[in-house]
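Subject: Structure handover, pockets and cavity

Hello,

Here is the structure for your files.

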Amino acid sequence: MIGEYVNQRGERYELQLKGSGLTPYSRRGDGRAVIRSSVREFLCSEAMFYLGIPTSRAATLLVSDDPVVRDMFYDGHRRTERGAIVLRLAESWFRIGSLEILTDSKEFELLKNLTDFVISHYFKTINLSSADRYLEFFSTVVQQTADMIVLWQSVGFTHGVCNTDNFSLLSITIDYGPFGFMEEYNPDFVPNTSDDEGRYSYEKQPDVGYFNLNKLRAALEPLLTQQQRKQAGQILNGYIDIYKTKFLKLFLKKLGLTFDIKNIEEDEQLIAILLKMMSETKSDFTMTFRQLGELPINKLNDYGITKFYWALKKLSKHKWYTEWISMYKERSFKERKSEDERQEIMLNTNPRYILRNWIAQSVIEKVEKNDFTYLNQVLKILERPFEYQDEAEALGLASPPPEWSKQLKVSCSS
């Protein structure tokens, strides 16, 4: 932590150096970072921001010739890599674990002081003199965590290590390590090769959110009355319905549709069948949704899809595809939107460009040779993920992933 920064709009950020060396909190590590992990955090922080997902930001990437020894996959194959530092910033770096550790160590006075500090600085709508301030704080974190995870799911982002120490109290995405953007739709997608049990898979992220919020509830218990503890349990149980509603609303928006309580069963089925087809055909998550919006609805029949729409072409091979398109058309016509409106909503909701693993790897290989041209190109493209860009198309960033990319693996040291 190197200080605070207030910008011209009066927004306050805390600045951190990641990879700059030993601190009192480095445990048994050396406090260093390597180029590959630093490039990934630098690019993904910015990519997530421009996708509209709450996140820490990356201001600067600095590489050096300092040797850093790493065993990437913890298999005894250590190698020396070049060091790097990311200057990153966030409104706050407090995590659920920041409170959890104080309760576990029975430092209740410090727990109260820190929680009051967090509320007064970052949750300004909560009255600090209210007897229910901790309940209001918990309720807000529950709502915002559900928001964040739904946004992750909507772009196929999988964090990789979702423990309580990597979950922000402000519900922003922090600590980019073995993350990955899912390519072929697979609910069991795990980007982290160290996660043998698939604990932090794409599909399990909402459940992990609940687990971590329950840890936050337990951490706050010493500050609550018996009645408030019961209420906190009820607030936590509400997370499931909050998440499901937010998920349905956002995935309907990805299809250019609007949430209507009268259509819940029909809409849940529409989304579930689409995801089932995508799973069984191994269709690309990002480009399937994108191409459903790029084509007029009357050209979505399988005979109207050219090879240019490669993800949709794959999906159209499914035996349910024609029937699903009929369901989708019927549901869409209920909206009474023009075709231009449907497509505009979808093109502004479904990105064309994401930080695929192969793209990050290609950048890393060039940066390791002190070539920053491609990094800057990719960064500029990721700043406009919803806009068709000729430069991005020429680089193949919306094309089918290359075969070699299927061999890529990342771990906690990535």
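This is a predicted model: local features need pLDDT of at least 70, side-chain atom pairs count only at pLDDT 80 or more; totals for chains, interfaces and linings use all residues.

Largest pocket. Its volume is about 2200 Å³. The lining consists of 49 residues, and those nearest the centre are Tyr25, Arg27, Arg88, Asp165 and Asp175. By type, the lining residues are 15 nonpolar, 18 polar and 16 charged. At least two residues each come from β1 (3-6), β2 (12-18), α1 (35-50), β3 (57-70) and α2 (96-104). Of the elements, β2 contributes the most, with 5 residues.

Second largest pocket. Here the volume is about 710 Å³. This pocket is lined by 26 residues, with Glu183, Glu184, Phe189, Ser405 and Lys406 closest to the centre. The lining splits into 12 nonpolar, 6 polar and 8 charged residues. Both β6 (180-181) and α9 (310-315) supply at least two residues of this lining.

Cavity. The count is 1 cavity of 30 Å³ or more. The largest cavity holds about 40 Å³ of space. Around the largest cavity are Arg40, Phe179, Gly180, Phe181, Leu355, Arg356, Asn357 and Ala360. These divide into 4 nonpolar, 2 polar and 2 charged residues. At least two lining residues each come from β6 and α12 (357-367).

Regards

How values were computed
Residues are numbered from 1 along each chain as its sequence is written. Side-chain values use heavy atoms; hydrogens and water are left out. On a 1 Å grid over the protein atoms alone, a cavity is a set of points where a 1.4 Å probe fits but cannot get out, and a pocket is an open set with protein on both sides within 12 Å along at least five of seven lines; lining residues have an atom within 4 Å of a point. Grid points are joined across faces, edges and corners, and a volume is the space filled by probe spheres set on the points. Helices (H or I, at least four residues) and strands (E, at least two) are DSSP runs, numbered from the N terminus. Ala, Val, Leu, Ile, Met, Phe, Trp, Tyr, Cys and Pro count as nonpolar, Asp, Glu, Lys and Arg as charged, and the others, Gly among them, as polar.
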